[in-house]
Amino acid sequence: MIDPLTLDFIFKRFYRVDKGRSREAGGSGLGLAICKYITLAHEGTIQVESRINQGSTFRVQFPLHDYAS
């Protein structure tokens, strides 16, 4: 579960939820920020929902475009 107080920050560049564990794994805090910017570049949305003892769910949605017209 991601602390509800940090949900507003997890898509920011270089933000790490668990700084101790990320350092061991070599994380830079860029992964979710990259996902956010790619999603926005394609006019999509990205959301997260987190529940205690159930984990977190990330939703990425992209609009359908009809380029044939």
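Which residue takes a positive phi in the hairpin of β1 and β2? The legends below answer this and describe further close-up views.

Figure 1. The structure shown is a predicted model, in which local features need pLDDT of at least 70 and side-chain atom pairs count only at pLDDT 80 or more, whereas totals for chains, interfaces and linings use all residues. Residues are numbered from 1 along each chain as its sequence is written, and side-chain values use heavy atoms, with hydrogens and water left out. In the hairpin, three residues lie between the strands, and Asn53 takes the positive phi, near 60°. Helices (H or I, at least four residues) and strands (E, at least two) are DSSP runs, numbered from the N terminus. β1 and β2 pair in the antiparallel sense over seven bridges; strands pair if DSSP finds at least two bridges between them. Within this pairing, Gln47 stands opposite Arg59 in β2.

**Figure 2. Two loop residues with positive phi.** Most residues other than glycine have a negative phi. Asn53, found in the loop between β1 and β2, is a residue other than glycine with a positive phi near 60°. Asn53 is exposed, with a relative accessible area of 78%. Relative accessible area is classed as buried under 20%, exposed over 50% and partly exposed in between (1.4 Å probe, protein chains only). Glu43 lies in the loop between α2 and β1, and its phi is likewise positive, near 60°. Glu43 counts as exposed at 58% relative accessibility.

Figure 3. Side chains of opposite charge can pair when their charged atoms come close. A search of the whole structure finds two salt bridges, a salt bridge being a side-chain nitrogen of Lys or Arg within 4 Å of a carboxyl oxygen of Asp or Glu. Glu49 forms a salt bridge with Arg51, and the closest N and O atoms of this pair are 2.9 Å apart. Glu49 also forms a salt bridge with Arg59, for which the closest N and O atoms are 3.9 Å apart. The latter pair links distant parts of the chain, with Glu49 in strand β1 (residues 45-51) and Arg59 in strand β2 (residues 55-61), ten residues apart. Glu49 is partly exposed, with a relative accessible area of 32%; Arg51 is partly exposed at 47%, and Arg59 is partly exposed at 41%.

**Figure 4. The surroundings of Ser50.** Ser50 has its place in strand β1 and counts as buried at 19% relative accessibility. The side chain of Ser50 reaches the backbone nitrogen of Ile2 at 2.7 Å. A polar contact of 2.9 Å also joins the side chains of Ser50 and Ser56. A polar contact is a pair of N or O atoms within 3.5 Å; within protein, one must be able to donate a hydrogen and the other to accept it, and residues adjacent in sequence count only if both atoms are side-chain atoms. Not counting residues up to four places away in sequence, Ser50 touches Met1, Ile2, Gly55 and Ser56, where contact means heavy atoms within 4.5 Å.

**Figure 5. Thr39 and its contacts.** Thr39 is found in helix α2 (residues 31-41). Thr39 counts as buried, at 3% relative accessibility. Leaving aside residues up to four places away in sequence, Thr39 touches Gly44, Thr45, Ile46, Val60, Gln61 and Phe62.

Figure 6. Leu32 has its place in helix α2 and counts as partly exposed at 30% relative accessibility. Leu32 and Ile10 are 22 residues apart in sequence and 6.9 Å apart in space, C-alpha to C-alpha. With residues up to four places away in sequence not counted, Leu32 touches Ile10, Phe11 and Phe58. The structure holds two aromatic pairs. One of them, formed by Phe11 and Phe58, is edge-to-face, at 6.4 Å centre to centre and 85° between the planes. Phe11 lies in the segment before α1 (19-25) and Phe58 in strand β2, so the pair ties together parts that are 47 residues apart in sequence. Rings of Phe, Tyr and Trp (its six-membered ring) pair if their centres lie within 6.5 Å; planes under 30 degrees apart count as stacked, over 60 as edge-to-face and the rest as tilted. Phe11 is buried, with a relative accessible area of 12%, whereas Phe58 is partly exposed at 37%.
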